[in-house]
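Dear colleague,

I am handing over the structure below, and after it I set out what was found. Please read the notes with the model open beside you.

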Amino acid sequence: MSAHGDLPINHQTEGTSLGVPTIKLTWWTFLSSECMFFGSLLATYFSLKPNRVTPEPLPIEMFDLDLTTISTFVLLASSFLMVLAVNAAADGNAKKTRLWLLATAFFGCIFIGFQAYEFTEFYAKGLTLESGTFGSSFFTLTGFHGFHVCIGIVWLLALWVLSFTGWLGPERALTVEVCGLYWHFVDIVWIVIFTIVYLVEFAP
Amino acid sequence: MSEVINEQDKTDATHHEGEHDGHSHASTLFYTGVAIALAIVTYIEWAMLDWDLGKWTKPGLIILSVGKFAAVVAYFMHLKFDAEIFKRTFLGVLGLAVVIVFVVMAALGSLPDDNPETGRLHASIRNCQDHSDCGPTQRCRPIPAPKTAAALRKAKGLGERPVFSKCVEVPKEVRDAEGKDKPAREGGEIYAAVCVACHQKDGGGMLGPTVLGANLASAELWAQGDGALRNSIVNGKQGKIGVMPAQAGILSSEEIDNVLAYIKTTYAPK
């Protein structure tokens with residue numbers, strides 16, 4: 001997408017008969033498979049949810065919408081910060097790239113903090129991985145999402161650390177962009193979960 | 001086919017133009033706009049639960065979230081301006097994933113809220129039915145809808161959703177006081193199953209050519225004393241009014257106590 005095409009030597013965009021950077025195709029392919037992954041978790045969640053066979057708390061007794069809405073804002077904001085990081089990297093602005101990468105990771109951590117709080121609350125109120133079909137499918141779905149966020153945080157922090165060694169030069173703009181693709185993907189998965197798992201539960 | 005190529009050329013052209021003149025400032029403004037729009041839509045999603053949109057709430061929520069999803073993919077992930085091969089890969093598999101989700105849910109017969117039967121079943125399993133479902137120091141109590149979603153309180157009266165109940169700790173005095181009406185409650189079920197045919201819902205009995213029952217609300221009847229009445233229930237009675245069948249082989253002694261307690265609390269003149 002960006003200025004890396006103008007650079008004299010760029011091993012990241014070189015050597016592809018498709019005319020697109022192979023690494024990006026790799027990531028789009030991977031993210032497509034992730035759609036399948038989260039799709040099956042969602043399908044399982046909705047299939048199991050109405051068939052509760054053991055007494056366990058109901059979603060509407062558990063979900064705290066106000067809290068989850070705030071954490072959704074946080075994740076959306078982190079996506080925006082990621083956009084700034086990708087833009088800064090494309091402009092070759094190392095300082096700004098570094099700043100926005102760290103900010104994105106920080107917002108990701110806040111989101112995970114909300115999730116950790118939510119999970120602890122749920123456990124205290126009797127919803128656990130073993131409490132029944134709602135607990136199992138809910139924690140598997142949102143837990144895997146949280147796990148993806150954690151991977152993203154590690155990736156962002158790794159790029160941030162590497163930026164100090166000079167490794168993250170302008171020729172690595174694509175690396176930041178690919179990390180951004182992953183981060184935004186995690187965000188869109190949450191957009192879906194937030195609506196159809198949380199909000200719809202409260203709709204008449 | 002040629003259309004596709006043209007379109008790609010066009011986007012490529014605008015794309016390259018953008019690269020050369022200070023694109024990052026213009027686009028930062030644009031991305032800020034997208035981010036603000038996303039935040040506003042999220043706020044609307046949260047707030048619209050309170051707007052009494054009835055059956056439009058769910059479709060509304062889903063449309064808004066599809067919009068958010070599309071905006072992030074198109075702009076934040078740049079798919080709108082990116083190469084055709086990325087679009088085809090991602091959107092193709094995404095479409096397939098959506099289809100598979102619906103196929104799996106349809107196969108398992110439980111699209112969301114599509115199955116009132118299992119819905120009720122799960123609610124009744126989840127709720128405690130009575131004290132026997134709870135611990136010795138607990139009682140089964142209805143619980144209010146959660147406070148966090150004002151919408152739920154408004155949109156769903158207790159009548160619309162099954163009354164949620166759960167076991168709660170209850171002090172001994174309250175338990176003792178409650179224990180007193182337990183036989184009558186259980187007796188009510190027996191009355192409804194066995195006695196109601198002859199004695200009727202209002203206990204007034206029934207006068208007719210074939211089926212007859214005594215008026216359980218008559219003061220005369222209760223004047224005989226509980227012991228005599230119990231005896232009539234156990235052994236039956238052939239009197240002026242008709243034949244009261246013996247319940248000895250049908251109901252247990254405890255059940256007879258319970259049903260007697262029920263008719264006493266319900267019909268006996270105070």
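The largest cavity has a volume of about 90 Å³, where a cavity is, on a 1 Å grid over the protein atoms alone, a set of points where a 1.4 Å probe fits but cannot get out, and lining residues have an atom within 4 Å of a point. A volume here is the space filled by probe spheres set on the points, which are joined across faces, edges and corners. Please keep in mind that this is a predicted model, in which local features need pLDDT of at least 70 and side-chain atom pairs count only at pLDDT 80 or more, while totals for chains, interfaces and linings use all residues. Residues are numbered from 1 along each chain as its sequence is written, chains are lettered from A and ligands numbered from 1 in the order in which they are written, and side-chain values use heavy atoms, with hydrogens and water left out.

The lining of the largest cavity draws on both chains, with A:Val83, A:Val86, A:Asn87, A:Glu177, A:Gly180, A:Leu181 and A:His184 joined by B:Tyr31, B:Tyr75, B:Phe76, B:Met77 and B:His78. Two or more residues of this lining come from each of helix 3 and helix 6 of chain A and helix 3 (57-76) of chain B, where helices (H or I, at least four residues) and strands (E, at least two) are DSSP runs numbered from the N terminus. Helix 6 of chain A gives the largest share, 4 residues. Sorted by class, the lining of the largest cavity has 7 nonpolar, 4 polar and 1 charged residues, with Ala, Val, Leu, Ile, Met, Phe, Trp, Tyr, Cys and Pro counted as nonpolar, Asp, Glu, Lys and Arg as charged, and the others, Gly among them, as polar.

By class, the lining of the second largest cavity has 4 nonpolar, 3 polar and 1 charged residues.

Helix 6 of chain A also deserves a look for its packing. Helix 3 (residues 65-90) and helix 6 (residues 173-198) of chain A pack at an angle of about 160 degrees with their axes 9 Å apart, the axes being lines fitted to C-alpha atoms, for helices over the stretch in contact, and the angles running from 0 to 180 degrees between N-to-C directions. That makes helix 3 of chain A roughly antiparallel to helix 6 of chain A, since angles under 35 degrees count as roughly parallel, over 145 as roughly antiparallel, 65 to 115 as roughly perpendicular and the rest as oblique. The contact of helix 3 of chain A with helix 6 of chain A has 18 nonpolar, 7 polar and 2 charged residues.

The axes of helix 5 and helix 6 of chain A come within 10 Å and cross at roughly 155 degrees, and these two helices are therefore roughly antiparallel to each other. For helix 1 (residues 22-48) and helix 6 of chain A, the axes come within 11 Å and cross at roughly 15 degrees, so helix 1 and helix 6 of chain A are roughly parallel to each other.

Turning to open space, the second largest pocket holds about 730 Å³, a pocket being an open set of points with protein on both sides within 12 Å along at least five of seven lines. The second largest pocket is lined by 32 residues, and B:His199, B:Ala214, B:Leu216, B:Leu221 and B:Lys237 lie nearest its centre. Helix 8 of chain B supplies the largest share of that lining, 5 residues, and by class the lining has 19 nonpolar, 10 polar and 3 charged residues.

With best regards
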